[in-house]
Amino acid sequence: MKVALTIAGSDCSGGAGIQADLKTMSLNGVFAESAITALTAQNTRGVTGIMDVSPDFLEKQIDAVFTDIRPDSVKIGMVSDKNLIRAIAGKLRQYKAEKIVLDPVMVATSGAKLLKDDAIDALKEELFPLASLITPNIPEAELISDMKIKSEEDMKEASKLIYDKYKVNVLLKGGHAINDANDYLYAFGKGVWIKGERINNPNTHGTGCTLSSAIASNLAKGYELEEAIRKAKKYLEGCLKDGLDLGKGSGPMNHAFDIKDIYKK
């Protein structure tokens, strides 16, 4: 069995973060490991508290993983502190980690910046060069590319700009009233649209975590980048189509929609 590691924060309500990553990786056929960057108090209505781990303790978690059950791929989620970012980068370089998918969580759904400027700079300088793929949404891509994205042509331009500047493959996720569920992949010097099905489900908590974790799982299994992304999008569509409706806000998806009935009873 292939192995994938998620480096991210905990979501106590189970819909996003480490919890979503572990579910996604397990349901996509890999053994899931984690290194936790922060504890959060959150639910479908928002985040009420964040407690970061220390850089030293995060390094110890990554050491424990790589020196025993070495991962075949790594997914990195939200990391809010520049010192934690540098700790992750140092350990990934030390262990020569491969197939790294970075979900650069920088901007909240409300449009508010989640990271301080020095943390954003550290992310660009330390983790972008290590990543096989980054998966920004449109507000995050605007922040990275320093341009407004209002159309499909803008998505293509911003993706190429990020690729050229940071030498990293980019999956720019659609939505945000531009092109429904279609994403744009600019990788290895060329671009391609990754079409998706628009699903009418308001419960989208954890979609970004889920997509990036599914991509990392598929890379661990040996799929090439574009196929890994296409398979991950199909999995995400299945999660959304299941129609799970929990919580009083934007609820979680059913990551386990594909488990056979015999295991549910």
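User: Where does P129 lie?

Analyst: Let's begin with the elements: helices (DSSP runs of H or I, at least four residues) and strands (DSSP runs of E, at least two) are numbered from the N terminus. P129 sits in the loop between α4 (117-127) and β6 (133-134). This is a predicted model, in which local features need pLDDT of at least 70, side-chain atom pairs count only at pLDDT 80 or more, and totals for chains, interfaces and linings use all residues. Residues are numbered from 1 along each chain as its sequence is written, and side-chain values use heavy atoms, with hydrogens and water left out.

User: Thanks! Is P129 buried or exposed?

Analyst: To read that, look at the relative accessible area: under 20% is buried, over 50% is exposed, and in between is partly exposed (1.4 Å probe, protein chains only). P129 has 54% relative accessibility, so it counts as exposed.

User: Which distance separates P129 and K167 in space?

Analyst: P129 and K167 are 38 residues apart in sequence, and their C-alpha atoms lie 7.0 Å apart. You will find K167 in the loop between α6 and β7 (170-172). With a relative accessible area of 63%, K167 is exposed.

User: What is the phi of K167?

Analyst: Phi is a backbone angle to look up residue by residue. For K167 it is near 55°, a positive value in a residue other than glycine. D146 is another case to look at: its phi is positive, about 60°, although D146 is not a glycine. D146 is in the loop between α5 (138-145) and α6 (152-166), and it counts as exposed at 71% relative accessibility.

User: What does the side chain of N201 reach?

Analyst: This calls for the idea of a polar contact: a pair of N or O atoms within 3.5 Å, where within protein one must be able to donate a hydrogen and the other to accept it, and residues adjacent in sequence count only if both atoms are side-chain atoms. The N201 side chain reaches the backbone nitrogen of N203 at 2.8 Å. N201 is in the loop between β9 (190-194) and α7 (207-220), and it is buried at 12% relative accessible area. Beyond residues up to four places away in sequence, N201 touches L240 and G243.

User: Could we visit another loop? Where is V105?

Analyst: V105 is in the loop between β5 and α4. Not counting residues up to four places away in sequence, V105 touches M78, L114, L115 and E140. V192 is 87 residues from V105 in sequence and 23 Å away in space, C-alpha to C-alpha.

User: Now the whole chain, please. How many helices and strands are there?

Analyst: The protein chain has nine helices and nine strands. Its radius of gyration is 17 Å, close to the 18 Å that the globule rule gives for 265 residues, so the chain is as compact as a globular protein of that length. That radius is taken over C-alpha atoms, and the rule is 2.2 Å times the number of residues to the power 0.38. Buried residues make up 52% of the 265 residues. Among contacts with a separation of 6 or more, residues 24 or more positions apart account for 67%.

Key. Contact means heavy atoms within 4.5 Å.
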